[in-house]
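Please consult the structure while reading.

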Amino acid sequence: MSRLTALGINHQTAPVELRERVAFADSSVEQALGQMRALPDVDEVALLSTCNRTEVYALCGDDGAALAAWLAEHARAAAPDASGQGELDGYLYRHHGQEAVRHLFRVAAGLDSLVLGEPQILGQVKQAWATAREAGSLGNQLDRLFQQTFATAKRARTDTRIGANPVSVASAAVRLAETSFARIADSTVLLIGAGETIELAARHLAQAKAKRLLVANRTLLHAQELAGRHGGVALPLEALDHHLAEADIVLSATASRTPVLLRSQLEAARQRRRHRPMLLLDLAVPRDIEASAGELDDIYLYTVDDLQRAVEDNRRSRREAAEAAEAIIDVQAARFAEQLTAAGRSAPLLQLRAYGRDARDQALARARQQLAAGSTPEEVMQLLAHTLTNRLLHAPTVAVREAAHTGDAELLRAAERLFPGPVERDS
């Protein structure tokens, strides 16, 4: 029997080296959903993949075993020289039933984020839902779950202060830069990418009055639009080598599957800078900056995982609000789980009524054909009664006969309760 299952990895359970191997590009999510939906015992499935987490929500019959194996194969394909499923299993968490509901509610409300209460995750959950609907991998139960998730997350953020003064990973990165050797007001900042994270970073840097802002992106038009909004200069990604040495701070967040900034490029820029230090903030998963670049002198490289320390103060200040939000989520998760259970109990009744309606519709169709063919109303009524009786009683008769043959006393007792004897005639 299928049940709700959530499984995945996040910034709390797995290092960035593993997360980037399991992450999915936006363009590959629909294909991944199709492959997971085709697995044995998987009835419905949705995929959430961000810089901090990759999670699968599914209605399946094997407690997620096939999905876990599929994720391990995906990670293996991303890094063939790395170890396989055994490594992923060591970091993978799984939730079932009400705990799976509660987990998704917490994720959407920002309670499971690196930056407690950050608002971007709700939009990412909505995108995961929309993509699953478009891919045809979302059925009634998961659709209801996501709809309830959006309502619960909204209530948690409205009824508590978990969303007050929202902090994003981008703002945490800028805050880290402000406390480093590179004063933003005296620095040239290079932004690589043009997505939401870079947009937020540009906004915070403009507020901090960065001396100069450069924006590099593979699509120059997007870089020009973002730079125009924040008083920066747009660059094509191919021009990085010519301008990298100008940057005191580099902040990168693209969707590239391979590094966009290599150690060799940073070594060349470091020499041109005459060893003046550079601060590199890599907020992408998979990572944008080659990890070994951090070994260079005068190069200070931070990944998204390193921001954990920078946001701990934010987490402490929001803990009280988080406790209130957790209480809301616990209540809503329990209610939704009860609704799922009730829906499961009513499934046989719905199936029985559908069976009766189908038998009725077929009998009526045959009766209408007989009337059109010229049969008398009396003949048609006799035919209708005979056909409907046979259709309604055929399946129960076969089942009771089989129960009598095999000695299935439980089914025989149920039949006695359902059909206690002749129907009393109206006087």
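Contact here means heavy atoms within 4.5 Å. The model is a predicted one.

Q: Which elements do the buried residues of H12 pack against?
A: By contact, the buried residues of H12 pack against helix H11 (240-243), strand E9 (278-282) and strand E10 (299-303).

Q: Which residues of helix H12 are buried, and why are they said to line one face of the helix?
A: In helix H12 (residues 263-272), the buried residues are Gln 265, Leu 266, Ala 269 and Arg 270. Viewed down the axis of H12, these buried residues fall within an arc of 135°, so they line one face of the helix.

Q: Why is H9 called roughly parallel to H10?
A: Helix H9 (residues 196-207) and helix H10 (residues 220-230) pack at an angle of about 25°. Angles under 35 degrees count as roughly parallel, and therefore H9 is roughly parallel to H10. Their axes lie 10 Å apart.

Q: What makes H8 oblique to H9?
A: Helix H8 (residues 169-178) packs with H9 at an angle of about 40°. Roughly parallel requires an angle under 35 degrees, and roughly perpendicular begins at 65; therefore H8 is oblique to H9.

Q: Which residues make the contact of H8 with H9, and how many of them are charged?
A: Ala 170, Ser 171 and Val 174 of H8 make the contact with Thr 197, Leu 200, Ala 201, His 204 and Leu 205 of H9. By class, five residues are nonpolar, three are polar and none is charged.

Technical notes:
Residues numbered from 1 in each chain as written. Predicted model: local features only at pLDDT ≥ 70, side-chain atom pairs only at ≥ 80, totals over all residues. Heavy atoms only, no water. Buried < 20%, exposed > 50% of the residue type's maximum accessible area, 1.4 Å probe, protein only. Helix = DSSP H or I, 4+ residues; strand = E, 2+ residues; numbered from the N terminus. Arc of directions from axis to C-beta. Axes fitted to C-alpha atoms, helices over the stretch in contact; angles between N-to-C directions. Parallel < 35°, antiparallel > 145°, perpendicular 65-115°, else oblique. Nonpolar A, V, L, I, M, F, W, Y, C, P; charged D, E, K, R; others polar.
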